[in-house]
Amino acid sequence: MTSPENRRPGPGRRAHRDRHGRGLRGRLVPATVPLARTKAEIFDDLVLDTVETLERRFAKELAGVEFAVEDVPPDLNVYDTDVLEDGEVPLARLLPGRPGRQEVPPRIVLYRRPLEFRAMDREDLADLVHDVIIEQVANLLGVDPDELA
């Protein structure tokens, strides 16, 4: 008796597709449709929109600044003043750069899950992301956030 892996379709036999004969399953929604975008991708787009707007206005000042998104903040006991918090939950962090031999550019990190948790809907999330980025960029540049908005 031959094993199912070695059987070949012959006359009167059809190729085995899956257990119920329905074929292989794939995505229900094409990747180009907005419904197929994950929450993380939508959040990244919100961050990019704000960053691109700021970079158009302040290209020279933000030339070497990196922007990053992490799902959750790292597990630290005490946060420095470079962390923007809501209560005790960090929303974003500004890591100032280090000039010198091993130059490290300034970096602004947004924490996706805490920000999403505080937003009521996508519009509210967009406003919150915008405000947090403005606050962190203002802190980096040493200006008032109202000057950037």
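Helices (H or I, at least four residues) and strands (E, at least two) are DSSP runs, numbered from the N terminus. The model is predicted: local features need pLDDT of at least 70, side-chain atom pairs count only at pLDDT 80 or more, and totals for chains, interfaces and linings use all residues. Residues are numbered from 1 along each chain as its sequence is written, and side-chain values use heavy atoms, with hydrogens and water left out.

The protein holds four helices and four strands. Their order from the N terminus is α-β-β-β-β-α-α-α. Of its 149 residues, 26% count as buried (under 20% relative accessible area; exposed is over 50%, partly exposed in between; 1.4 Å probe, protein chains only).

Strand S4 (residues 107-111) has two pairing partners, S1 and S3; pairing requires at least two DSSP bridges between two strands. Strand S1 (residues 66-70) runs parallel to S4, over five bridges. Strand S3 (residues 89-95) is antiparallel to S4, over four bridges. Ile 108 of S4 is the bridge partner of Phe 67 and also of Leu 94. Four of the five residues of S4 are buried, so the strand is largely enclosed by the rest of the structure.

A patch of negative charge lies on the surface, formed by Asp 121, Glu 123, Asp 127, Asp 131 and Glu 135. Patch residues have over 30% relative accessible area and no salt bridge, with like charges joined within 9 Å; a salt bridge is a side-chain nitrogen of Lys or Arg within 4 Å of a carboxyl oxygen of Asp or Glu. Asp 131 sits in helix H3 (residues 122-141). Its relative accessible area is 47%, so Asp 131 is partly exposed.

Definitions and conventions: Patch = residues over 30% accessible without salt bridge, like charges linked within 9 Å, V, L, I, M, F, W, Y side chains within 5 Å. Areas by Shrake-Rupley, 256 points an atom, 1.4 Å probe, with all protein chains shown as cover. Lys, Arg positive; Asp, Glu negative; His and termini not counted. Charge placed at Lys NZ, Arg CZ, Asp CG, Glu CD.
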